[in-house]
Amino acid sequence: MLDVRVDKQGLAFIAASGGGETGGCATHAFKTRSNEPSYSALPPSNGAQVNQWGKPIQLVDEKDARAGQSLRINNSLAIGTNPDRYKQHGFHFTADNCIACHACEAACSEKNDLPAHISFRSVGYVEGGSYPDFRRVNISMACNHCDDPVCLKGCPTRAYTKFAEYGAVLQDPDICFGCGYCTWVCPYNAPQLDPVKGEVSKCNMCVDRLEVGLKPACVSACLAGALDFGVIETAPANRVQTKLAIPGFPDPEITHPNIRFQQTRDLPREMRRTDSMPLIYVKKEDADKIAYRPHTVDPGRARLWNLGKLRSREDPLVLFTLISQMVIGAFLTLFLGRFAGLNELSAAAHPAAYATLLIGLLALETFALVISTQHLGKPHRFYRAFYNLRYSAVSREVASVAVFYNAMFLYTLLVAVPGLFSWLLPQGLMRGLQTFSGWLAVAAGPVALYAMNRIYRIKARPFWDHWQVLASFYGSMLTLGSLAVAMVYAAVLMAQKEPFAHLLALLAWPMALGLAIEGSGLIVHARDLVRRGGEAAASQLEQRTTFGKTYIARNIGVALGLAFIAALGALQVDGRAGFLAWAVAAALIIATATIGRALFYVLVIPTTMPGAFFWRNKGFEEHARKTGLAKMPQVGILPDAH
Amino acid sequence: MLFGRRIKNPIKIADKGVMTWKYTTCGYCSTGCSIEVGLNRDGKAVTARGVGDAPVNQGKLCIKGIFEHELFNSANRGETPLLRQKNIDPYRKAGWDAALDHTAAEFKRVQEKYGRDSVAIVSTGQILTEEFYTLGKLTRGVIGTNNYDGNTTLCMASAVSGYKRSFGSDGPPGCYDDFDHTECLLAFGSNLPEQHPIIYWRLKMALEKRRFPVIVVDPRVTMFAQMADIHLPITPGTDLVLLNSLAHVILKEELQDRDYINAHTTGFEDFAQLVAQYDPTTSAAICGIDEDTIRHVARLYAKAGAAMTIWTMGINQSTHGSDSVVAINSLNLITGNIGKPGGTSLSITGQCNAMGTREWSSCSGLPGYRALEKEQDRETIAAYWGIDPEFFPKARGMFMTDIFPAMETGQIKALWLIATNPMTSMPNIPRIKKTLQNLEFLVVQDAYADVETTKYAHVYLPAALWGEKEGVFTNTERRVNLVRKVMEPHGDCKSDLWIFNEMAKRFEQGRKIRFPETSAEVFDEMRELSRGRMLDYSGLTHDRIENERGIQWPCPEGAATGAPRLYTDGVFQHADGKAKLIPLPFVDNNERPDQQFPFWLNSGRVVEHFHTRTRTGRIGNVNKFSPTPYMEMNPDSAKELAIGHMTYARLISRRGYAVVLVQLTHRVPHNMVFIPFHFHECVNQLTLGLLDPYSRQPAFKQCAVKIEPATDQLAAAAANVAARSF
């Protein structure tokens with residue numbers, strides 16, 4: 001351990017070895033100085049064995065194969081000698097004391113050489129009361145190196161590692177391809193997606209400092225005795241509480257974060273945010289436990305369209321999901337149509353149309369896959385999406401979509417250009433392959449959509465965490481898929497001067513079913529959001545106000561679409577008039593679906609930490625972009641959000 | 001690795017490749033932190049850290065200090081001197097000789113035509129002490145104008161004036177160590193967490209070791225007020241009433257230290273008679289603090305074994321700043337709390353070297369705390385510099401805040417501004433703009449070419465920044481600390497010392513006086529002139545200062561350490577060796593809110609910015625926390641006026657108007673708004689800045705405004721963006 005010496009003025013320093021040598025021939029990446037003040041020294045554990053969730057604090061045994069290894073920080077082979085090296089460490093934040101001086105944010109940004117638009121640590125606040133009985137609680141937050149790191153599990157490229165050393169969760173920007181999924185799943189806004197570099201980075205627990213027995217830079221910089229660090233559950237000197245949450249902090253049950261709080265001063269019943277999130281925190285005393293629950297505020301907002309705000313960084317995903325769902329649905333319709341008695345849909349009935357439609361679907365899905373990679377910060381690394389099948393919903397979705405795509409590809413080739421294979425393979429084998437690939441695609445498609453829906457079941461995003469996502473995806477599959485087949489075949493049949501109304505009447509059933517499923521999902525979702533309160537209800541408030549008129553329009557679109565389909569199916573009008581009517585219905589349904597999917601992406605309010613008035617305030621970021629303030633680089637907001 | 005990859009990639013953490021560290025003292029506020037600037041192998045400053053064994057900051061830095069090394073290549077540094085005949089013409093680049101020749105010629109022309117005092121020189125609190133001394137020599141000994149002052153009048157003049165009136169001399173008597181010994185802290189109009197975060201840290205560490213009551217007097221609920229044991233939300237402009245009332249209670253309940261008063265003060269009778277009128281009931285009605293609390297605080301303060309008061313702009317920037325400082329000194333004198341550990345009245349200074357200008361610049365007198373009024377002092381300095389003592393005026397001239405009106409009415413025709421930005425920092429900017437435009441000749445010496453004041457100048461001289469020149473600063477607690485030269489000056493910038501020396505050469509009298517070229521040699525002169533005086537530097541050298549990370553004066557030759565406190569022996573600087581207790585009647589001359597202008601306008605600072613943002617406004621990681629002007633407003637008042645959170649409001653005062661983004665918060669009372677003063681074309685468009693009669697310091701925190709929502713929000717936003725170039 002580190003020794004402390006005291007000089008003649010009473011100042012205490014760490015009596016460390018000058019250049020940071022360890023046993024062996026390796027130098028540490030971080031250079032301690034000879035006059036390092038003692039407040040930076042990592043304190044020892046108080047001996048606690050388990051954390052407040054019962055999990056052992058010692059992560060691996062000293063004799064474990066994973067112990068005794070170098071972290072290879074900046075190619076240093078040095079190994080830290082801290083006896084607590086394999087214990088989970090974490091931050092301790094005394095919310096009573098933080099003065100929002102930004103020293104922690106500045107020290108971190110400086111040490112990690114961050115540009116102004118990125119910060120690993122941010123300070124925001126909640127405040128309450130009425131002058132002069134006013135209290136502001138500042139909250140400094142970086143990464144909590146959670147027990148259950150959802151970032152690590154969610155990352156498709158496995159760019160994250162939870163180390164046995166200190167329990168640090170570290171992310172490697174060299175592996176990352178900038179999809180930003182980790183920024184979606186983290187409740188604390190820890191990972192930072194840099195649109196300029198196209199990659200994510202985040203707090204690294206200053207493991208280089210930990211290895212030489214020093215607290216992280218932010219902690220060493222704190223000027224108010226607020227931010228501290230050590231073995232988890234070991235309260236720092238002069239501190240008595242290790243609470244799991246404070247007002248403004250997301251439910252710790254989501255990820256079991258390794259941060260503890262002291263907040264002893266009495267706070268007002270209601271604490272407000274200064275940023276644009278329509279949330280307040282209301283105190284509820286339960287026995288001897290005090291908890292603050294998030295509630296929505298309703299500042300009497302107007303109902304607006306805000307169609308312009310439907311565009312976002314997620315636009316490629318709007319298209320990708322809709323197109324994929326349509327393609328899968330269309331393939332199912334084509335392949336399974338004959339089993340439902342829709343003989344016009346078989347390959348034999350209209351071979352040219354069948355094959356062309358398949359090729360069209362394939363082309364569309366290829367387009368969808370390509371634009372989905374454009375969503376990445378580094379599209380050329382797209383192949384890394386398969387790396388985390390074990391944990392990541394994204395990996396699993398990519399894999400299952402790939403299976404569907406390849407199966408459909410093979411099927412399409414065999415159907416459309418049999419000549420490619422007929423010289424190579426015997427007829428029987430070709431037929432067998434065709435059947436196999438067809439059924440594989442039929443199975444893989446819905447499985448892929450199920451995996452796609454799992455991506456959005458994120459605890460930190462209550463707006464998405466509902467079966468409505470699955471209803472919407474399967475609904476789109478049924479509706480858009482059968483609609484696509486219906487319109488193509490209606491056109492084909494009409495060109496051949498044959499009736500199509502009866503075919504479309506039958507296809508109207510899956511269309512209607514899809515809309516009904518989606519509609520019922522939306523109804524239950526709206527009700528559940530309000531019931532859940534907090535960020536969920538806040539999203540619903542956004543939906544009913546900021547996008548209020550768009551929301552109503554979409555809902556009417558779904559209902560109207562359903563009615564329209566039912567009517568057309570019943571009336572069975574043929575010929576030009578019928579085709580025109582169906583085309584109008586199709587346009588309505590597609591427009592509704594697109595707006596609905598865009599709403600799905602832009603409405604999500606994550607459980608983020610409260611921001612300050614300027615920094616980490618989405619409202620100010622929008623304002624700065626709109627008014628041109630963001631053009632000055634020292635404002636720290638990129639002018640283009642995408 | 002427990003999760004994730006089995007074959008882990010090496011960890012990459014930013015490494016800036018520091019090869020050497022250079023010692024400096026921070027160039028922002030007067031806390032006086034020691035900073036080591038790290039240079040990489042190309043000699044570029046890439047990082048900075050607090051000096052681990054520095055007594056002031058012990059390795060800590062605030063946000064400004066952490067990023068100070070990024071200033072060297074910040075945007076729009078001055079590159080070359082600029083020159084123009086009329087201030088409506090475009091500037092053209094010029095060489096140093098041309099610029100300096102023209103400047104000197106203009107000064108001489110104006111002085112010949114309108115008199116010696118028709119040229120004014122207004123400097124700052126941010127250049128090195130050696131440079132202040134040299135400027136004083138140039139101004140008093142060569143150019144000879146008596147209209148010579150600095151922007152310290154905008155922040156510290158009341159403290160200086162109060163100290164002189166009470167103790168007979170300037171010189172803060174306490175030190176940061178007093179936190180470790182005090183048993184009661186009264187903070188008057190001081191917001192340590194925002195203004196002096198490292199001093200706040202020192203206080204917090206003392207409190208963690210040993211609790212003592214902290215009382216904060218501030219109309220706003222700042223973080224400091226929140227952390228305090230007692231917060232006194234005082235009515236603006238009434239500090240003197242509260243102070244008189246505290247003294248009233250102490251005397252009434254016989255809690256004063258009679259022995260100390262008898263031994264070390266004069267004027268007790270008159271003082272006691274005056275404070276007798278300020279009973280808590282009457283005072284409560286004026287200052288807004290209830291009488292029970294006044295009595296409680298007075299008892300707490302008087303009964304404490306050692307009690308200390310600190311203050312900053314809340315006291316200084318008012319029409320009763322000087323009186324309030326005297327009252328604080330008196331409070332401490334009657335309770336025997338001067339010159340002992342934990343017992344002091346410590347003015348927390350604003351700028352990194354306001355102390356240096358107070359000590360050595362000769363603005364208010366002669367170098368080394370000497371006075372123009374004293375014949376002996378005039379003779380000593382004249383002899384040392386080698387000039388005729390009759391060349392000196394026999395009293396000081398105008399303060400900065402009187403110099404501007406004199407320019408307005410034509411008594412002063414030429415102005416030399418050094419490292420200060422009155423276009424943003426002076427009150428009543430509409431008047432300032434007219435004034436500057438009317439000058440026959442204006443020369444601006446600054447590190448940044450786009451500092452707003454260059455708009456009306458005829459000559460711009462690009463000066464070197466902190467860290468590009470070497471010398472000393474003095475901090476709040478009289479600690480003289482060193483700034484090493486870290487980098488060569490940017491472009492063709494020159495140090496202020498070089499500029500002053502060069503200017504001197506262009507005057508006949510200047511060529512006769514010795515103007516040493518290096519700051520170490522200048523320091524030698526200062527050392528000699530300080531020998532045996534209160535601010536004794538004779539034990540100091542640049543190297544010793546660096547080794548010991550700053551040394552408090554007095555440090556006579558042979559002393560092992562600097563002196564932590566003044567007046568430890570109870571001997572003051574008045575002729576009779578005693579401190580003065582002065583009766584201070586309160587007359588309310590503030591521009592109070594009324595029917596037409598119903599809000600108090602309060603101005604102040606935020607931690608991420610310094611002064612007029614010419615430095616902090618350029619560093620993204622600092623500026624982003626307050627990138628644009630804003631106003632704290634009470635939500636209840638805002639609702640009545642239909643003003644929303646994060647919308648623009650228009651403020652109107654009897655001077656001008658401003659448009660500002662609104663932040664609704666209950667930090668401010670219903671009839672007050674607060675705007676950080678750092679931003680150009682904002683709060684000082686509105687302020688009155690009524691002057692203190694003794695210190696001539698403006699009241700930045702007391703005037704009245706009316707507020708309405710900006711009718712066109714988009715236009716307001718556009719105007720806001722256009723108003724700032726950084």
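Predicted model: local features only at pLDDT ≥ 70, side-chain atom pairs only at ≥ 80, totals over all residues.

The expected span of a helix is 1.5 Å multiplied by one less than its number of residues.

**Helix 12 of chain A**

- Helix 12 of chain A, which runs over residues 501-532 and has 32 residues, reaches 45 Å from its first C-alpha to its last, and this is close to the 46 Å expected at 1.5 Å a residue.
- Within helix 12 of chain A there is a kink of about 30° at Leu507(A), a position that comes shortly before the proline Pro510(A).
- Just after helix 12 of chain A comes Gly533(A), where phi is positive, at about 70°.

**Extent of the interface**

- On the side of chain B, 84 residues are in contact with 95 residues of chain A.
- About 7,300 Å² is buried between chain B and chain A, and carbon and sulfur atoms give 59% of that area.

**Polar and charged pairs**

- Three salt bridges are found across the interface of chain B and chain A, and Glu110(A) and Lys16(B) meet through their side chains in a salt bridge with an N to O distance of 2.7 Å.
- Across this interface there are also 29 residue pairs in polar contact, with both residues at pLDDT 80 or more.

**The side of chain B that touches chain A**

- The elements of chain B that give two or more residues to this side include strand 3 (45-50), helix 6 (197-209), strand 24 (657-664) and helix 26 (713-722).
- Helix 6 of chain B gives the most, with six residues.
- The residues on this side of chain B divide into 43 nonpolar, 22 polar and 19 charged.

Notes
Residues numbered from 1 in each chain as written. Chains lettered and ligands numbered in written order. Heavy atoms only, no water. Contact = heavy atoms within 4.5 Å. Buried area = accessible area lost by both parts, 1.4 Å probe. Salt bridge = Lys/Arg side-chain N within 4 Å of Asp/Glu carboxyl O. Polar contact = N/O pair within 3.5 Å; in protein donor to acceptor, adjacent residues only side chain to side chain. Helix = DSSP H or I, 4+ residues; strand = E, 2+ residues; numbered from the N terminus. Nonpolar A, V, L, I, M, F, W, Y, C, P; charged D, E, K, R; others polar. Bend = angle between axes of the 7 residues up to and from the residue.
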